[in-house]
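Trainee: Could you take one part of this model and go through it closely, and then show how that part sits in the rest? Plain terms would help me.

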Amino acid sequence: MRLLAVALAVALSEAPSNERAMGMLRDWVRFVDEHTAGETDAALDSLTAWTFDDLELMQAYVEALAEVPLNTQTRDARRRQITGIDLAEIKERTKDLQRRGDVDRFRKRAVILHTDAAILGAAPVVVDAPVPRQQRPAWARGEPEARVDVKSFDGRVDRFERANPNWQYSMSLLESLPAAPRRDPFVARWYRAVGAYFANERSYADAVRHFERALLVVPDDPLVLYGEACLQETLGAPRIQNYVRVTTLPNGLVIRDVSSPQTHLRRAESLLRKALAADSHFVEANLRLGRVLTQLKRYEEAFPYLQAAIADSRDRTVTYYAHLFSGDAALALGRLPDSRLSYEIAVALYPDSQASRLGLAAALRAAGDRPAALAAMARTLTKPAASRDSDDPWWDYYLGDATNVERLIQELWEPLRSRKP
Amino acid sequence: MMRAIVTLAAAAGTSLVAMQPTFSTRVEGVRVDVLVTDGSRRPLRGLTAADFSIRDNGVPQQIDLVSFGETSLNVGLAFDLSESVGGARLDQLKAASAALTAELHPGDQSALVTFDTVVSLPCPLSANRLCVRDALDAATPARETALVDGVFAGMMIGESDAGRSLLMVFSDGLDTASFIDSDRVLEMGRRSDVVVYPITTKGARPDFLEELASLTGGRLHEVEASGDLAATFRAILDEFRHRYLITYAPKNVPKDGWHKLEVKVSRSGARVKARPGYQGG
């Protein structure tokens, strides 16, 4: 055992330096220093000129430089591939950063560099549908597998894209920030803002991994809990469930991460309850918990949360949603006057909104007043479709936190625009 | 509930015009649209009231009227015009709609509801045969699919007028954008006498449409992507026209709640398709 250990150490120290990787690492430090947060500048262009394979090669080097904790097997295995000579140089460079006195700021700027590379950088890498490992020739089965995401629109498969490794960089680099005595608030801000970005892009594959990591790193942040709850609500919604149910992917591929509607809705419920435990006046969390409970057909339970949202909301759209969902819950329970009243308030808030008018028509029709039901629908149904894109906030409901995305990303960029604090 | 015939026994056999029944009024008459076919799925003609028997919650009922091909039709079309229905599929839909409207009789009416994310009513129920063609010529498929919202609007339009009501729903996909819960529309189906015939492309067979077709006494048709949509549309219209309309006044059953219906025909080999029941009250 002792002999083996010695032999291994010798082998490591004698392994040649990966000159190319070390050169790229020196460039990377320069990119971090020179990039202006939120701008497409030369540093960002240089980084995005790296291929995804380059990025995957470099991840271990960057993690070593930033001193990302070796708390996963994957990360540990990656780190072992760096030779002793290179590791020694990386340690020296880390000390240089520490001597500069802004190592945490550097780490945050590195997070932003990779976030910007994913958001503002080169076009996505479109690939063929991957072939599952067991269908590959024997010699190719051991090759590492990059994650591939399926992109679709209106329930149709559009293309396959390779997952962008810049997100993994950002999440890893965040772990290099101090966790004790308290987590740097930048971490929660980043998870919320990028979660909103994924929601806005409807990039659920990225969002699932994003929030899995978030729950490990910032498990009690109400805004992050809320962001994941929105994601779970969306995954449980008919739009995703229907798509997954009927979509057949080539090569026997299957869509991952989507469970039954009840599973996702119950996860959303649990996350929203945690968020409300931290902040009982969190208006949007009350709203969404009410909605999730109606989706779980627990209508009676939903009302207090929807009422709380109505009472606390200062936002017309949130109030609209709360009345819309109250109308649906009351209709499901056969409380037709209550349903009608809720829908009427929703109509008053957004007079051209389709959802509120169809809901009102359903309530009126169930009460036996067909002429009034038809009249309620008429205004929206006869308006030219092309002019109605922004008539109804309902169409954006499943974007969740995405309505705040621009502000949240700006708030992320603003304090890190310059290299100096 | 079924369309409640408040004063119509007097108008039996002629028309069911000008009824504005409501759920809150008492059910005095029930109409049941029935398809009777032989072993080769061809409509059986020439049946009279004596050939039919009907049980409402297990209680035999006296049939007041059986009509066949005498009542004008309200043909509602609810078409998915979302992004995926572009190019050849839209051309098929236009050709199929033209073929369908050409088969309508004087007195029949048609309406068109279109839906993507947005639900529109370009053609209210009328005898205007050109409206559907013009609306589809002007259509530009876009956005996502509010299938449930579109079907809800289609049923509302279809059931709100006189005559027998058929709703043909075409969609090549699944719901991605609706607000209305599918359970609410299924509940409406239990209370409506609109017969729904969904037409979907292979692979997209929403449970919701299948259930709605079954509840209303219709039938779901699946077509190949390159299939003859016009032939399917014509076949549905022909089948619907050759259905019987049975009318009876429920007796010895409570008016509220779900009423299970059993319709039978005393001809050997006859196959009967009708709605499984209706919601009273």
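Mentor: Strand S1 (residues 126-127) and strand S3 (residues 156-162) of chain A run antiparallel and are joined by two bridges. In this pairing, A:Val126 has A:Glu161 of S3(A) as its bridge partner. S3(A) also pairs with strand S2 (residues 148-153) of chain A, again antiparallel, through six bridges. Here A:Lys151 stands opposite A:Arg159 of S3(A). Keep in mind that this is a predicted model.

The C-alpha trace of chain A spans about 85 × 55 × 45 Å along its principal axes. Chain A has 421 residues, and 40% of them count as buried. Take the contacts in chain A between residues at least 6 apart in sequence: 66% of these join residues at least 24 apart.

A word on confidence. The mean pLDDT of chain A is 89, with 92% of its residues at 70 or more. Residues 1-14 of chain A stay under 50, and the model gives that stretch four contacts beyond four places in sequence.

Now to the part I would look at closely, helix H18 of chain A, which covers residues 354-366. H18(A) has 13 residues, and the distance from its first C-alpha to its last is 18 Å, close to the 18 Å expected at 1.5 Å a residue. After H18(A) comes A:Gly368, with a positive phi near 95 degrees.

H18(A) is mostly covered, since 12 of its 13 residues are buried. The buried residues run from one end of the list to the other, including A:Gln354, A:Leu358, A:Gly359, A:Ala362 and A:Leu364. Two arginines, A:Arg357 and A:Arg365, are buried as well. As background, an α-helix has 3.6 residues a turn, so residues three or four places apart point the same way.

What do the buried residues of H18(A) pack against? In chain A, their partners are helix H16 (316-332), helix H17 (336-349) and helix H19 (370-381). In chain B, they pack against strand S7 (119-126), helix H3 (147-159) and helix H4 (182-190). H18(A) therefore has partners in both chains, as its buried residues pack against elements of chain A together with elements of chain B.

That leads to the interface. Between the chains, 33 residues of chain A are in contact with 32 residues of chain B. On the chain A side, helix H12 (238-246), H16, H18 and H19 each supply at least two residues. H18(A) gives the most, with eight residues. By class, this side of chain A has 19 nonpolar, six polar and eight charged residues.

Last, the partner chain. Chain B is divided into domain 1 (8-69 + 242-280) and domain 2 (73-240). The C-alpha centres of these two domains of chain B lie 24 Å apart. Between them, 19 residues of domain 1 of chain B are in contact with 13 residues of domain 2 of chain B. On the domain 1 side, strand S1 (30-37), strand S13 (271-274) and strand S14 (277-280) of chain B each give two or more residues. S1(B) has the largest share, three residues. The side of domain 1 of chain B that touches domain 2 of chain B divides into 11 nonpolar, three polar and five charged residues.

Key. Residues are numbered from 1 along each chain as its sequence is written. Chains are lettered from A and ligands numbered from 1 in the order in which they are written. This is a predicted model: local features need pLDDT of at least 70, side-chain atom pairs count only at pLDDT 80 or more; totals for chains, interfaces and linings use all residues. Helices (H or I, at least four residues) and strands (E, at least two) are DSSP runs, numbered from the N terminus. The expected span of a helix is 1.5 Å times one less than its number of residues. A residue is buried if 20 or more other C-beta atoms lie within 10 Å of its own, exposed if 12 or fewer, and partly exposed in between; C-beta atoms are placed from the backbone. Two residues are in contact if their C-beta atoms, placed from the backbone, lie within 7 Å. pLDDT is the predictor's confidence in each residue, from 0 to 100. Domain bounds come from an automatic or database domain assignment. Ala, Val, Leu, Ile, Met, Phe, Trp, Tyr, Cys and Pro count as nonpolar, Asp, Glu, Lys and Arg as charged, and the others, Gly among them, as polar. Two strands pair if DSSP finds at least two bridges between them.
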